[in-house]
Amino acid sequence: LRTPDLVTEAVRQNGLALEFIDKKIRTLEIVMDAIKQNGLALQYVKPESRTPEMMIEAMRQNGLALQYVNRRYIMPAMPLAIILEAMRQNGLALQYVNKNIMSPEIMLEAVRQNGSSIRYIERKMWAEEIILEAVRHDGLILRFVRNDEMTPSIILEALKQNPRALEYVAKKTRRLDEIKQIIEQYCTARN
């Protein structure tokens with residue numbers, strides 16, 4: 001792609017077309033158009049050329065663009081609001097958050113968007129609120145929850161989301177009276 005008009009049109013239709021654009025004719029406007037169309041286009045910008053504006057726009061468009069954000073920018077310069085926005089856009093972007101800035105707020109936002117993102121949280125940071133959000137998204141996540149973390153509210157939320165989660169309750173807990181009570185609550189709530 002060689003002419004500026006053709007290039008601009010190409011990246012506005014598919015931001016990943018930036019990969020094929022001659023660097024001699026790339027302008028800031030062309031790069032920003034590409035990023036606005038697809039945040040993952042940031043990967044085709046040299047790291048030393050990535051501006052804070054580019055990185056922020058990329059994460060707004062696609063949370064997974066966080067993987068292409070310069071690490072020196074993420075800590076501590078990046079506003080928490082931008083990281084939270086990336087989590088709201090795609091919770092799986094949590095895997096690219098530096099452990100030094102991981103906070104309960106960031107983790108919770110990620111699992112609210114995608115319960116499976118709990119796998120990127122250190123086990124010792126699995127608070128009840130985070131587990132609850134994860135099982136609300138996918139009840140079968142209960143299979144990864146340890147017996148000592150399984151509260152009645154977590155079990156109930158998992159069952160509401162997916163009744164097949166009962167399989168993991170039976171395997172992991174020996175508190176039969178408690179299970180019976182939770183199942184009764186679940187059945188009552190469904191009626």
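A salt bridge is a side-chain nitrogen of Lys or Arg within 4 Å of a carboxyl oxygen of Asp or Glu. The structure discussed here is a predicted model. By this rule, the count in the model is 13 salt bridges. As background, side chains of opposite charge can pair when their charged atoms come close.

| Salt bridge | Closest N and O atoms |
|---|---|
| R12 with D33 | 3.1 Å |
| R60 with E85 | 3.3 Å |
| D148 with R146 | 3.2 Å |

Take R12 and D33, whose closest N and O atoms are 3.1 Å apart. R12 belongs to helix α1 (residues 4–13) and D33 to helix α2 (residues 28–37), so this pair links distant parts of the chain, 21 residues apart. Are the two partners buried or exposed? R12 has a relative accessible area of 46% and is partly exposed. D33 has a relative accessible area of 13%, which means that D33 is buried, because the cut-off for buried is under 20%.

D33 is also one of the buried residues of α2, which are I30, V31, M32, D33, A34 and I35. What covers these buried residues of α2 includes α1 and α3.

The salt bridge of R60 with E85 has its closest N and O atoms 3.3 Å apart. R60 is in helix α3 (residues 52–61) and E85 is in helix α5 (residues 80–89), so the pair ties together parts that are 25 residues apart in sequence. R60 is partly exposed, its relative accessible area being 41%. E85 also counts as partly exposed, at 26% relative accessibility.

In the salt bridge of D148 with R146, the closest N and O atoms are 3.2 Å apart. D148 is exposed, with a relative accessible area of 64%, because exposed means over 50%. R146, at 40%, is partly exposed.

**A network of salt bridges**

Which residues are linked in a network of salt bridges? They are R88, E109, R112, E133, R136, E157 and K160.

R112 lies in helix α6 and is partly exposed, with a relative accessible area of 40%. Leaving aside residues up to four places away in sequence, R112 touches E129 and E133. R112 and R136 are 24 residues apart in sequence, and their C-alpha atoms are 8.3 Å apart in space.

**Helices α6 and α7**

The helix that holds R112 is α6. How do the axes of α6 (residues 104–113) and α7 (residues 128–137) cross? They come within 8 Å of each other and cross at roughly 15 degrees. The two helices are therefore roughly parallel to each other, because angles under 35 degrees count as roughly parallel. The crossing in which α6 passes α7 is left-handed.

On the α6 side, the contact is made by M107, L108, V111, R112 and Q113. On the α7 side, the contact residues are E129, I130, E133, A134 and H137. Together the residues of this contact divide into five nonpolar, two polar and three charged.

An α-helix has 3.6 residues a turn, so residues three or four places apart point the same way.

Notes:
Residues numbered from 1 in each chain as written. Predicted model: local features only at pLDDT ≥ 70, side-chain atom pairs only at ≥ 80, totals over all residues. Heavy atoms only, no water. Helix = DSSP H or I, 4+ residues; strand = E, 2+ residues; numbered from the N terminus. Buried < 20%, exposed > 50% of the residue type's maximum accessible area, 1.4 Å probe, protein only. Axes fitted to C-alpha atoms, helices over the stretch in contact; angles between N-to-C directions. Parallel < 35°, antiparallel > 145°, perpendicular 65-115°, else oblique. Left-handed = near helix turned anticlockwise from the far one by under 90°. Contact = heavy atoms within 4.5 Å. Nonpolar A, V, L, I, M, F, W, Y, C, P; charged D, E, K, R; others polar.
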